[in-house]
Amino acid sequence: MTVSMTPEAIVLAGACGVEEAEILLAALLDHPTLPVDVAALSGAHLAVVQVLRAAARPLAGKPQHPLLQRLL
Amino acid sequence: MDDLLPHFLVEGRELVEQAHADLARLEAAPAKGEGVDRPALDSLFRAVHTLKGSVALFAMAPAEALLHAAETRLDRARRDGSAPDVAALLAVVDQVDRWIDAMEADGALPAAAGEDAQRLIARLAGEAAPAAPASDAIPEWATVLRDRSERAAEVRTAFRYTPDAECFFRGEDPLAVVGTVPGLLHLDMVTEQPWPELSAMEPFRCYVRFEGTSAASAEEVRAAFRLMPDQIEVAALPGPADGTRAPDTPQTSAPGTLRVDAVRLDGLVERSADLSVASRALDPLVARAAALDPALADALKVAQAGIERAAADLQQAIASVRLVSLEPVLRRLPRLARDAATGLGKAVRFELSGERAEVDKQVADGLFEPLLHLVRNAIDHGIEPPQARRAAGKAEAGLLRLAIGTEGDRLRITLTDDGAGMDAAAIRRAAVARELIGEAEAAALDEEAAIGLVFLPGFSTAAAVTDLSGRGVGMDAVRTAIERLRGTIAIDSRTGQGTRVSVLLPVNAIATRLLVVTAGEQRLGVRLDQVSEIVRLDSAAIQPIGRGQACVLRDRTVPVLDLGQRLGLAPATGDHARLLVTDGSAGGRVALRVDGFGERIDGFVREKSGILARLPAVSGTTTLSDGEVLLVLDLPELLA
């Protein structure tokens, strides 16, 4: 599981595959004010990145992957 | 989107600030006989481009349209080297800054925003020369991308990759594909349509297009997309046509910054204060251990010293984290000064220096209002109308200079104007007319003290209450705000030549030097920065004068008050009087008699809360090593 919840944030960790996009989208809709913690995010499928961009939520931390750093 | 607004307000203003700085550099370059300042132009383009992206998240369509027009104009300047109209661009950035203020105040743009945007777009277009004809077969999107790249000089290839909407279902990850592009320099992820609402979003549909540049050849870039030839456009780019172009400033990787809620930082300050208090509690234990086992006591002492050192380091580290640049606070002042001057039909040149000085966050946060008021005052009452200035042989535009500098652990802020100066006689008359001071008393004041009368509550000399300063906030409010930050303010003015306002503030607000005093058998803390002198003298030197008492210090008569009595406690007695001398209101010095002086400590003064909040002369509390809670007095408030 690379999408998880804490009381303060939706946490993305490790490499998020395409199937995580739907889980992340559901989490964002369920928790409309939580920021997303991407500090431990090492890689992500474009589908996940799209959801993050569309949500435009505040991000906590900086993803590890340089390409993700550019796009998020 | 509401939860995004606070972030936008911060980041939007940072971008406006960046744009202002870039515009100042662009304006300076031709004056120095140089061409267009290319790095400034690039930086301005990026700021405007990012700002455009930010405003798009909110109901700010006129701002988006205006920034788009500015971006297009800047893009052309970058391509053909034409000098952009700095004044028009400054008007655009100022307008966006005003709109950001409106978003903060009202959550929406004013009704006239659309018209304002159209007017400014027309102004931008008015100076636009016909676009240069396309010179060769290089597609325009490719050159735009090159110019948008951080290291434009290295760009050899531009690409546009439009994955089809269903590609995720085929197991493709366009991001992984882009990751294989060799020599990637710049990458944008763009959408044709605005992002859909989350609830309407299809997570497995591809919404985006990638646009980027690379330092590799077109063939190498094309090879990365060999599996999707129908989705990719690649264009080879020659080097910049103009060989003389200076290389862009090397881009250092953006330092990792983290925005932290100030409340959490304050919590850290309190926690670290608790740590040093807790370590001091070891003192009596070490003493007791010494009686039983001296070797154990020594070892304990070494351990305690280690803890104290670490606690001190921690406190210092936290203090430095709380130091913030004054820039974000001061950034809006030049624009507000221009607005204020325009509203009064005056012209003002605003010079700002030293704005990068760092100061404790508490001080930075409390500075904007008083500084804005000082700036408005200077424009309203100081700077003369253009005709009057011309008649006086001055430049039509008034000069307003705000200089910031640090002097040890103090911050000095000086606001100088070259306006009419302050008329001490008029101030005396006004103060008497408002019954703030008696006529004889006023006449006895020297020039400097007379000017100091403007700090009295209820003072205003403006013949007409103007839109600008007639808001019920006078110089007394400015002084109160500065004193709340434990600063001081002074005015120096020459009739006809101008006025200089000097503000002196502490850089660090956390650890406070305190003097422990006793009064009426109570131990109390006094901030040393509120004490100008400590005096011991013979009680006989204190003479009754009228209903009070006074003594002579340095050839000046200083009123003496009893601190204990003032607080409803027993007055000090004895042959030797101990006096704390402090600057009272209206600039005069006041001596406070106490029973005795105790130790000097570095205390962490906690804001008063609960029942203490109602005590007027108390600024907070601090905890001593033995756990005793000490009330810390606010002397100016006590004497007010």
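Start by selecting chain A and colouring by confidence: the mean pLDDT here is 88, and 99% of the residues of chain A reach 70 or more. Keep in mind that this is a predicted model. Within chain A, confidence is lowest in helix α3 (residues 66-71), with a mean of 85. The highest value in chain A belongs to α2(A), at 92.

**Stop 1: the sheet of chain A**

Now pick out the strands of chain A. You'll find 4 of them in an open sheet, ordered β1-β2-β3-β4, with mixed pairing. At the edges are β1 (3-5) and β4 (59-60) of chain A, each of which pairs on one side only.

Zoom in on strand β3 (residues 36-44) of chain A. This strand runs parallel to β4(A), and 2 bridges join the two.

**Stop 2**

Select residues 20-30 of chain A, which make up helix α1. Helix α1 of chain A lies across β1, β2 (10-16) and β3 of chain A, and runs at about 175° to β2(A).

Next, select residues 46-55 of chain A for helix α2. Which strands does helix α2 of chain A lie across? They are β2, β3 and β4 of chain A, and the helix runs at about 155° to β3(A).

**Stop 3: where the chains meet**

Bring chain B into view. The contact between the chains draws 28 residues from chain B and 27 residues from chain A. Together chain B and chain A bury about 2300 Å², and 71% of that is on carbon and sulfur atoms. On the chain B side, show B:L175, B:M189 and B:L198: they lose the most area to chain A, together 28% of what that side buries.

How many salt bridges link chain B and chain A? The count is 0.

The largest share, 5 residues, comes from β2(B).

**Stop 4: the sheet of chain B**

Stay with β2(B) and follow it into its sheet. This is an open sheet of 4 strands in the order β2-β3-β1-β4 (chain B), paired antiparallel. Since β2 and β4 (232-236) of chain B sit at the edges with a single partner strand each, one side of each has no neighbour in the sheet. From one strand to the next, the twist averages 15°.

Move over to strand β1 (residues 157-161) of chain B, which pairs with β4(B) over 5 bridges in the antiparallel sense. Click B:T157 here; its bridge partner in β4(B) is B:A236.

**Last stop: a charged pair**

Side chains of opposite charge can pair when their charged atoms come close. The structure holds 35 salt bridges over all chains. For one of them, select B:R79 and B:D75, where the closest N and O atoms are 3.3 Å apart. Both B:R79 and B:D75 lie in helix α3 (residues 61-80) of chain B, 4 residues apart, or about one turn of the helix.

Notes:
Residues numbered from 1 in each chain as written. Chains lettered and ligands numbered in written order. Predicted model: local features only at pLDDT ≥ 70, side-chain atom pairs only at ≥ 80, totals over all residues. Heavy atoms only, no water. Pairing = 2+ DSSP bridges. Contact = heavy atoms within 4.5 Å. Axes fitted to C-alpha atoms, helices over the stretch in contact; angles between N-to-C directions. pLDDT = per-residue confidence, 0-100. Buried area = accessible area lost by both parts, 1.4 Å probe. Salt bridge = Lys/Arg side-chain N within 4 Å of Asp/Glu carboxyl O.
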